Amino acid sequence: MAKIVVIGGTGLIGSKVVAKLNAHGHEAVAASPNTGVNTLTGEGVAEALAGADVVVDVSNSPSFAPDDVMEFFTTSTNTLLRAEAAAGVTHHVALTIVGTDRPQNIPYFAAKVAQEKLIRESGIGYSLVHATQFFEFLGSIADISTDGNTVRLPGGLVQPIAADDVATAVARTAAGSPQGDIEIAGPEVFGMDEFVRRGLVFRNDPREVVRDDSAPYYGALIEERTLVPVDGAQIFETRLEDWLPLNPPRK
């Protein structure tokens, strides 16, 4: 069984990954600023990676401002890769996004592209798990797209996935050999507007969702298929209608 250090291991995905790995007999260690491991400053990184076979990076930038997110992913990834080389880590797993390899002008995606490039060129065996949008962000997508009582969203396609399924994919990948790039997604394809509309209707949210293909998605315009996987993606089974009753909106 392997020692696997999970960077961002106290967050939404990371905590699930740690639990799944430990349940299967691995020694999974949660590493985050909350546990004294800071990949921006380097604090505690070398100590956390001592004896590690695998590093899983599911951390996220605390700020989505373009310069901040680029700084976070490049600095933290460089810190990790240097420490991994020194510690003899043989497998680096990073959670990234479906669509980073396609034309788009989303600053967050640009930062993930930079992160992916550093990993590919590091010389360390790697797996990049490209996930579609999470069900869990349905509410925040609605909130940032709301004007008055109207939610304006484009009809570009999305194939959302449950966070628990993402964690399963990441944990399974971490327990295996490096795979390069893989894509994961949920079983259903929606227009972005329809995805959010279904969630708000189920939750009795009075806001009206209006399709507007000129509306931005996290500040950028998206093409019809930017956010959906290509053939060969791993498809998980959790459907939106099954997820919604078990996940009321956060208060």
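This is a predicted model: local features need pLDDT of at least 70, side-chain atom pairs count only at pLDDT 80 or more; totals for chains, interfaces and linings use all residues.
Close-up 1. An α-helix has 3.6 residues a turn, so residues three or four places apart point the same way.

**Close-up 2. Length and end of helix α3**. Helix α3 covers residues 66–87, and its end C-alpha atoms are 32 Å apart. Gly-88 follows α3 and has a positive phi, near 80°.

**Close-up 3. Pro-66 in helix α3**. Pro-66 belongs to α3. Its relative accessible area is 47%, so Pro-66 counts as partly exposed, the class between the limits of 20% and 50%. From Pro-66 to Arg-198 the C-alpha to C-alpha separation is 30 Å, and the two are 132 residues apart in sequence.

**Close-up 4. Strand β9 and its pairing with β5 and β12**. Strand β9 (residues 180–185) is largely enclosed by the rest of the structure, because five of its six residues are buried. Strand β5 (residues 126–131) pairs with β9 in the parallel sense, over five bridges. In this pairing Leu-128 stands opposite Asp-181 of β9. Strand β12 (residues 234–235) also pairs with β9 in the parallel sense, over two bridges. Here Ala-185 stands opposite Ile-235 of β12.

Methods:
Residues are numbered from 1 along each chain as its sequence is written. Side-chain values use heavy atoms; hydrogens and water are left out. Helices (H or I, at least four residues) and strands (E, at least two) are DSSP runs, numbered from the N terminus. The expected span of a helix is 1.5 Å times one less than its number of residues. Buried means under 20% relative accessible area, exposed over 50%, partly exposed in between (1.4 Å probe, protein chains only). Two strands pair if DSSP finds at least two bridges between them.
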